[in-house]
Amino acid sequence: MRIVISEFISLDGVVQAPGGPEEDTDGGFAHGGWSHPFFDPEVVGGAFTDTLNKAEALLFGRRTWQTMAAAWPERAGDPFADQMNAIRKYVVSQTLGDDELTWANTTLVPGDKAVAGIRELRETEGGDLLVMGSPTLARTLLREGLADELRLMVMPVLLGGGKTIFPDGGTLRTLELVSTVTSAAGVQVCTYRPVGEK
């Protein structure tokens with residue numbers, strides 16, 4: 001499986017709480033919902049739908065999974081919600097128990113075995129394993145060289161701080177830009193792959 005990380009991201013690299021004010025206020029983050037003014041159904045929505053349609057399964061960190069699990073099941077009947085509810089899901093967590101995996105088709109990847117478990121998933125046959133949000137998980141995947149593609153929806157806004165997906169530590173990682181589309185609102189939908197990946 002290919003691991004694809006898809007993120008709404010600001011010009012200064014912040015991915016925290018693009019969807020709403022209460023989504024993630026860690027660190028006093030006060031700009032929740034910042035992506036809304038730049039969202040359009042054709043370019044940004046189309047890129048998101050295309051990425052989801054190519055996914056065979058979703059991979060989440062605990063917090064993002066809990067947010068999604070609280071939102072999508074009650075929206076059954078909406079085609080997007082039905083797709084989210086039906087697709088296979090994996091959640092990385094040290095604290096969730098199997099009895100808490102109430103969102104349909106969810107499998108737990110124990111946090112203390114996350115990298116090994118994700119490596120195993122990546123080596124199995126199948127389509128894309130899509131990561132949305134989950135900044136801590138995304139950062140780990142990038143640091144471990146487990147991300148096969150980055151799909152970044154770069155929005156023309158500076159947020160001045162917040163959670164990012166980019167690892168620190170001084171390691172050079174070269175990516176190839178394989179496609180880009182610009183929306184009327186100035187969003188750049190950029191797809192990157194590590195150099196040498198196909």
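## The second largest pocket

Start with the second largest pocket, which is lined by 18 residues; Leu142, Ala147, Arg173, Leu175 and Pro194 lie nearest its centre. A pocket here is an open set of points on a 1 Å grid over the protein atoms alone, with protein on both sides within 12 Å along at least five of seven lines, and lining residues have an atom within 4 Å of a point. This pocket has a volume of about 260 Å³, where volume is the space filled by probe spheres set on the points, and grid points are joined across faces, edges and corners.

This is a predicted model, where local features need pLDDT of at least 70, side-chain atom pairs count only at pLDDT 80 or more, and totals for chains, interfaces and linings use all residues. Residues are numbered from 1 along each chain as its sequence is written, and side-chain values use heavy atoms, with hydrogens and water left out.

Which elements each supply at least two residues of this lining? They are H5, E6 and strand E8 (188-194); helices (H or I, at least four residues) and strands (E, at least two) are DSSP runs, numbered from the N terminus. The largest share, three residues, comes from E8. Sorted by type, the lining has 10 nonpolar, two polar and six charged residues. For this sorting, Ala, Val, Leu, Ile, Met, Phe, Trp, Tyr, Cys and Pro count as nonpolar, Asp, Glu, Lys and Arg as charged, and the others, Gly among them, as polar.

## The largest pocket

Now for the largest pocket, with a volume of about 1200 Å³. It has 48 lining residues, and Glu23, Thr64, Met68, Met132 and Gly133 are the closest to its centre. Two or more lining residues come from each of E1, H1, H2, H3, strand E3 (88-93), helix H4 (114-123) and helix H5 (135-143).

H2 gives the largest share of this lining, seven residues. By type, the lining splits into 22 nonpolar, 19 polar and seven charged residues.

## The nonpolar cores

In soluble globular proteins, nonpolar side chains tend to be buried together. A nonpolar core is a set of buried Ala, Val, Leu, Ile, Met, Phe, Trp, Tyr and Cys residues joined through side-chain atoms within 4.5 Å. Buried means under 20% relative accessible area, exposed over 50%, and partly exposed in between (1.4 Å probe, protein chains only). The largest core has 33 residues, and Leu58, Trp65, Met84, Trp103, Met132 and Met155 touch the most other members. Strand E1 (2-10), helix H1 (44-53), strand E2 (55-61), helix H2 (62-71), helix H3 (79-86), strand E5 (128-132) and strand E6 (149-155) each give two or more residues to this core. H1 gives the most, with four. There's also a second, separate core of 25 residues, and it includes Met1, Ile5, Val92 and Val109.

Take a look at Leu52 in helix H1. At 1% relative accessibility, it counts as buried. Leaving aside neighbours within four places in sequence, Leu52 is in contact (heavy atoms within 4.5 Å) with Leu58, Phe80, Gln83, Met84, Ile87 and Leu130. Leu52 and Gln83 are 31 residues apart along the chain, yet their C-alpha atoms are separated by 8.8 Å. Leu58 has its own list of contacts beyond four places in sequence, including Leu52, Met84, Tyr90 and Met132.

## One face of helix H4

Where are the buried residues of H4? They are Ala114, Ile118 and Leu121. Seen down the axis of H4, these buried residues fall within an arc of 55 degrees, so they line one face of the helix. The arc is that of the directions from the helix axis to the C-beta atoms.

On the other side of H4, Glu120 and Glu123 are exposed. What covers the buried residues includes E1, E2, E3, strand E4 (106-110), E5 and H5.

Most residues other than glycine have a negative phi, and most peptide bonds are trans. Asn105, though, has a positive phi near 65 degrees. Asn105 lies in the loop between E3 and E4 and is partly exposed, at 43% relative accessible area. Ser134 also has a positive phi, of about 50 degrees. It sits in the loop between E5 and H5, and is buried, at 4% relative accessible area.

Finally, Thr107 is found in strand E4 and is partly exposed, with a relative accessible area of 37%. Thr107 touches Lys89, Tyr90, Val91 and Leu101, not counting residues up to four places away in sequence. Thr107 and Lys89 are 18 residues apart in sequence and 6.2 Å apart in space, C-alpha to C-alpha.

How values were computed:
On a 1 Å grid over the protein atoms alone, a cavity is a set of points where a 1.4 Å probe fits but cannot get out, and a pocket is an open set with protein on both sides within 12 Å along at least five of seven lines; lining residues have an atom within 4 Å of a point.
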